[in-house]
Amino acid sequence: MRNKILWLVWVTVTLAGGFAVAAVMYYGGDLRSVFLIGKTTSGHHQIEMACDACHTDMFGGIDALQKGCVTCHGDELKAANDSHPRSKFIDPRNADRVAVLDARYCVTCHREHQPGITNAMAVTLPTDYCALCHQDVAKNRPSHEGLAFDTCASSGCHNFHDNRALYEDFLEKRHAEPDFKEVLLVALSNWVPPADQPKPERKALAALDADAPADRRGVLKHTADWALSGHAAAGVNCSGCHQPRKRTRPDEWVEAPDAKVCATCHTAEAKTFTEGKHGMRQRDGLWVSRKDDFLGLFEDKGLPPMTPALARIPMQDNVHATELTCNTCHGAHKYDVKFAQIEACESCHADDHTKAFRMSPHNSLVDREASGDLPKGSGVTCATCHMPKHLVRDDYGTEQAFVTHNQNDNLRPNEKMIRAVCADCHGLRFTIDALADPALIKKNFKGKPAHHVESIDWVENRMRERARRQQQQ
Amino acid sequence: MFDTMRAFTRAKAPATAVDNGPSADSAARLDTASPSDIPPTLVIGAGPAGLRVAEELSRAAAPVVLFNAERWHPYNRIKLTPFLTGEVQIGQVYQPQNAATDACISRYDGLRIREIDRENRVAVDDYGRAWPFSRLVIATGSRPHVPDIPGCTLDGVYTFRNFDDVERLVARSYRSTRTVVIGGGLLGLEAARGMSSKGVETWVLEHESRLLPRQLDQAAGDLVAAGMERLGITARTLTRVQAIEGNGRVERVALSSGEVIPCDTVIVCAGVRANLEIARNAGLAVGRGITVDAHMKTDDPDIYAVGECAEFDGHCYGLVGPGLEQAQACVDHILGRKGTDYAGSLPATRLKVVGIDVFSMGEVEQVDGDTRLNSVSWSDPAAGLYRRVIVRRGRVIGAIAIGKWAEINQLQQMIKIQARITPWQLRRLRTTGLLMKGEAPQSVRDWADAATVCNCTGVTRGMLGQAMAAGCTTLGDLQRATCASTVCGTCQPLLQDLLGSEAKAEPVGWSKSLLVFSGLAALLALITAFVPAWPYSESVQDKLRVDLLWIDPLIKQITGFTLLGFMVIAAVIGLRKRIKMFARLGGYNGWRLVHGIVGALLIAGLFVHTGFHLGDNLNGWLMGAFLALSALGALAGIVTAVEHRLLNGPLKGAKTAPRAVPTWAHILLLWPIPLLLAAHVATVYFY
């Protein structure tokens, strides 16, 4: 009798547990964290509870994962002119290479939740993975004779995907650049649309033009801040943000317009914001649980905005709970770009690199620009490097400069910064050395690079060799 | 006086110390005088307690003189009733001679000690002879209390206490037609049974509301009364005797109700009074008895008192068990041995009264009036069974039982230590009459060491076990060594059971192989749990990439499902006892060995699957549960393999098999495995 009861209890509990596990797997919810098989990489840990961002299909296997990778990172790889594109490996002629390293799939090298084998750039292969295919590199490049394969990617010479600032021709072209260029000006900092480009007719507004109803005015400062902001200068009135559906719902007043309202005009900024670490949790289509079911046990739930508490790098102690939205850095009504460029960053970040900024040569440029010593566009702020301006051309051919809000865009790896940012003012030799020196980065580039990356010397040697051979001929 | 002492020394010392010189022990202790100059220990009274003191001292080769005031050999008072009924002969009433063969013991029957001369350290007998002593033990017992009822000195009024009384009663029983016993206590009922068995119409008069008022409650007393009715004994309770009337001889008993019972014999059994006059006259402190401390010492450091005449902590104990415990404490102190101090007794009455098993122990007297006590009772009137357990604050402090109860030994043990009792045990008692789950241990061999086998002498199962380990093989050996079964003899069958087959635990089949594989499994489980994870390879150029075992998805699937298969094989052991067909595939011992081998393989396989990486969250739980399962399984295997050694050695007499606990824990930990495993496999493919 006792045994019967025990059996019954066990079968019931096991079945109930099984159903609970299945329900959590299907519907989602915070309980899914028990399925995490290991610490998520710092690239993805913010969205780890939105499992479906990567595990796009139930029982989807490797192809579902691939879909997840490409959804977020596909465009980026295209833009980076990927050195090892998937197309190279799905070519049947390269089947032998696939047998060595199945580079058709991102997860061959980038396996998530595997802290034990995760290296820099979330690579989960041993760091000498280049040896799998490039054992014979010294045959064509005698300079590489005897180099260890774990130094290919770690010493500022090569990347698996993005070699835009590292490939030989580029080095050759820029090998002679001085450390500091003649004109030290941040590109696009003073960009104005070409004169022939059609401009929307906009009339600058003043405080008296504010169209908010009297009972919605709030404190006077809001109106005053707005009147001095770019919004007022560009003719965007109160209703522009607070009444986003003015035409269809004239009575509606949105107290606190969200990022979606910003995005109606600042489309590219808003989009890139959700691509970086600051806004990735607000990307469309991420959900923690997606169905209202089981008597409210599961409810439609997305990820709340990022807070510094989630960060894995040092943050200020007093801001852990601050949610990161557009207004966190830009401040409602005032929209002070200067504040957003440095102070906003400093209000949360507390790592050495950030803390060293005020003592850095870049900051002294900012100060000198402010005091009028240097022309406009000389100062280098946090945003200059981490949220640089890009020039894009839309479908109608209209040129537009926009500030990318993906702070992470040029950091994976940091050589990506060379072309887009550093090259404006610095020579390539100096840049490569500086970016390969972690201690210097910590000091926010106050000082000289301690090490020298020899790749550029080898390029020069090859150039000399080539010249000699040409002379002999 | 001095001459007498010398005479004693001359006359007695050679006789008692003949052939065996003083033991080294006593010589060392009394270092200043030669042994023959040292006066012996005197024991006054040859009742059970006095006799025990004398015997125990003599075993330690200490010279003893025992004075027995009665004209009989020392006898066993408990056997007096059977003697009265004719169930035993006089030889069986006498105590067996348990003294050591080379003992320095002298016994004087029919010699009463009149006074104690503390100044001169001598005891003076009825003839005026002085007996010098080094230590004196008073064990004078008690005498019947005859209340001051008019007519209690008439002819035909008897008491029931000693051999002389019984002698008189035997003679009287042939002529008596109706006997009235005044007092419904233990002695009264025994006397009534004795007389009744001789064909005498017997009445018992008890002034309290029930029989055996000090041992039983109302319901139990009524059951005893009913049992007496069946024997033809009339029991009247709430009856007070006004007077015993008659002209020179007893003719009737007048009750306070006015009723008159014609009779020709009256036996007064109204309790006992300690014989403490000798101590009082010697100036020792007395209360109801002679006041003693935890070593049974009176306020004279050389004089002790044991048995019924001693009062410890305000209690005089009238049963043989406590008397023997006191004797032990007293002897330990006299000999300077490190013994346990006497701390009072919790006497258990466990007797056959008028043919009914009566058990009473602990605080049962005032149970119905005390609000701090709870009690749970159960009865089966048809079978004449009644059981009641008294509980105070969750601890069992007393019990009453009428009729047979297999759990009595355990219960007695529980009351002794005031063990905790659970509500469901009480519930079980209330509904089924049994306290413990399952059957109580049947054979005395299975009893716990602390369980009392002989209630009269307080000998436990453990003491008997030790005696047997020391070489006792016969009943006589055991009796001599432990004194068990030397009083009432009811435990003799238990002793014989114990002696009958001292079964030795046998090893289980394949025990050596089982030990090896279980040990291996335990070692592997510990290694897996505590050794750091196997490092991952740091180069793709390594010749042997062992880490691919736990990186490559395909290899992981292969090893994982192989493990799953092994687990199923290991789990099949449960089928053998559930599906008959499987029993044909070899005996259980073989199956268990295979289970152990598969278990060890499983843990080894776990390394191939995980490389000592214990996993996070769900995987971590699975790993933890599985390792604990394996470790406990290995432990169960080891314990099973060496169980015979445990049972023949340190765990002798264990009530449950030592393997039971780890085996159950092993089975219990198996419970979450299927769910965790299913979730593990499902999530691997789901995500």
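This is a predicted model: local features need pLDDT of at least 70, side-chain atom pairs count only at pLDDT 80 or more; totals for chains, interfaces and linings use all residues.
View 1. Helices (H or I, at least four residues) and strands (E, at least two) are DSSP runs, numbered from the N terminus. Residues are numbered from 1 along each chain as its sequence is written, and chains are lettered from A in the order in which they are written. Local features need pLDDT of at least 70, side-chain atom pairs count only at pLDDT 80 or more, and totals for chains, interfaces and linings use all residues, while side-chain values use heavy atoms, with hydrogens and water left out.

**View 2. Helix 2 of chain A bends at A:His73.** The bend is about 60°, taken as the angle between axes fitted to the seven residues ending there and the seven starting there. After helix 2 of chain A comes A:Asn81, whose phi is positive, near 55°.

**View 3. Strand 10 of chain B pairs with strand 11 and strand 16 of chain B.** Strand 10 (residues 178–182) has five of its five residues buried. Its pairing with strand 11 (residues 201–205) is parallel, over five bridges, and four bridges join strand 10 to strand 16 (residues 265–268), also in parallel; two strands pair if DSSP finds at least two bridges between them. B:Ile182 stands opposite B:Leu205 in strand 11 and opposite B:Val268 in strand 16.

Notes
Buried means under 20% relative accessible area, exposed over 50%, partly exposed in between (1.4 Å probe, protein chains only).
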